[in-house]
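Take a walk through this structure, one region at a time. Start with the strands, then move on to the core, the pocket and the backbone.

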Amino acid sequence: MIRPVSVGLVVLVICASVAGISGSVALATTGPAVPSMAEPGPTAGDSAATIDPADSSPFVSQETQNFDNTTFEITIHENGSATWTFRHELWFSNEDNETAAKENFRTFVEEFEANETGLYDRFINQSRLLTQTGAQETGREMEATNFRRSARIEEWPTERGVVEMTFTWNGFAAVNDETIVAGDVFQDIYLSSDQAIVFEAGGDLAFRSVEPDAEYAGTSLEETGSVQWNGQREFVDGRPRAVLTRPDGAAAGGGNAGLIATMAGTDIVWYLVGGLLVAGAVVAAAVWYRRHGSATDEASGPTGDGAAESTTAAADRDGHGSNEGKPTNSDDANGTAALSDEELMTDEDRVVKLIEENGGRMKQVNIVDETGWSKSKVSMLLSEMEDDGIISKLRVGRENIISLDGFEPEATKSPFEE
């Protein structure tokens, strides 16, 4: 059973087979011949091939055995970078021997996560080549960073093996004053019937338009968090394309730049008038104080150190001590305000406490709602916590289930804990 995985991105596709479970890899090209990226029949220990961008073909296709579908998930951030995740799925129920296929995949998972296999090395090299070529095509500075990998067995809705490889593409989208535009790096993209491309709006971004029309959940494009294009289809250069906006039309520079952009859309005369009125009021107050302030101070009796001494002496005569210099319930021994337990907590502590309050397990989207943090901050924080072994993630459809140790669903447990 061979299913094509053939996406042309910029001038090269990053689609690799899972070594050890996928069998042989065949490369086919249209147009001029190109150097082979992988020899047929790779194993987990193969080394990656180095490819010169000048030698690569405008269109490269690759055939991968046994993967039932592949999704290219691209989360676009406000600074123009994008988090790319290549998600490959193998449905065990589609195999002739489901039990053998599952055991074979478990063996692969152990090797893939423990060592940097040839598959992962090729992914890193090809990702870097993609950004190099994209920089040449667009004139923007680009770089591939933050490489990650994972493989696991998911049980819902049907038991299947999942392989994910991720990197950050810096400079992926064009950042303008009010918009982020993604898609100009794409050339000659073809999606086969078992492939899909997903754009996700990172942080507080919102979709303004997409080309061509895409599938999304919700009542309007502006309210959805992601859009998806499914194969089998072919795109013209620069497509798929998405235009995203910042919340409330904030400008790219943020801060003062956003304020200036807002003022530009109003009558600036009123701002100048308001500033003059405030300045006039300050000058008038200063003149009044110079004329009348000193006389008022003298009439009000002793001030400063003398007043403090008189007050202290009177308190001593009445037999009442002074509280001056003594810490109150809200102060520490140094007289500074004491910090609450909540203020001393780290972001990781807050997430752990929140999950504990929800029974040890909750959806990632609910963590975003409860903390009020951006989706991108929560996503990066949870990834770090997962790397540190604090939490575990289970992908259910388009959602992630976050669990503390001991509260994981069966799908997140190690295949060796049986």
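Two strands pair if DSSP finds at least two bridges between them. Strands themselves are DSSP runs (E, at least two residues), as helices are (H or I, at least four), and both are numbered from the N terminus. This is a predicted model: local features need pLDDT of at least 70, side-chain atom pairs count only at pLDDT 80 or more, and totals for chains, interfaces and linings use all residues. Residues are numbered from 1 along each chain as its sequence is written, and side-chain values use heavy atoms, with hydrogens and water left out.

Begin with β11 and β13. They run antiparallel, joined by five bridges. Within this pair, F199 stands opposite V227 of β13. The side chains of β13 alternate along the strand. V227 and W229 point to one face and are buried (under 20% relative accessible area; exposed means over 50%, partly exposed in between, with a 1.4 Å probe and protein chains only).

Now look at an open sheet of four strands. Its order is β8-β9-β15-β12, with antiparallel pairing. β8 (174–175) and β12 (206–211) are the edge strands, each pairing on one side only. Inside the order, four bridges join β9 (residues 179–182) to β15 (residues 241–245). There T179 faces T245 in β15, standing opposite it.

Take F172. Leaving out residues up to four places away in sequence, F172 touches I74, I76, G80, S81, A82, W84, R140, M142, A182, D184, V185 and F186; contact means heavy atoms within 4.5 Å.

On a 1 Å grid over the protein atoms alone, a pocket is an open set of points where a 1.4 Å probe fits, with protein on both sides within 12 Å along at least five of seven lines; lining residues have an atom within 4 Å of a point. The lining has 19 residues, and N69, T71, R87, E89 and R398 are the closest to the pocket centre. β4 (69–76), β5 (82–91), β11 (195–201) and β13 (226–230) each give two or more residues to this lining. β4 gives the most, with four. By type, the lining divides into four nonpolar, eight polar and seven charged residues.

Finish with the backbone. Most residues other than glycine have a negative phi, and most peptide bonds are trans. The bond from G231 to Q232 is cis, with omega near 15°. Q232 sits in the loop between β13 and β14 (233–234). R239 and P240 are also joined by a cis peptide bond, with omega about 5°. P240 belongs to the loop between β14 and β15.

Two residues have positive phi. N146 has a value of about 55° although it is not a glycine. N146 lies in strand β6 (residues 143–154) and counts as exposed, at 53% relative accessibility. D188, also not a glycine, has phi near 55°. D188 lies in the loop between β9 and β10 (190–191) and is partly exposed, at 31%.

Terms used: Nonpolar A, V, L, I, M, F, W, Y, C, P; charged D, E, K, R; others polar.
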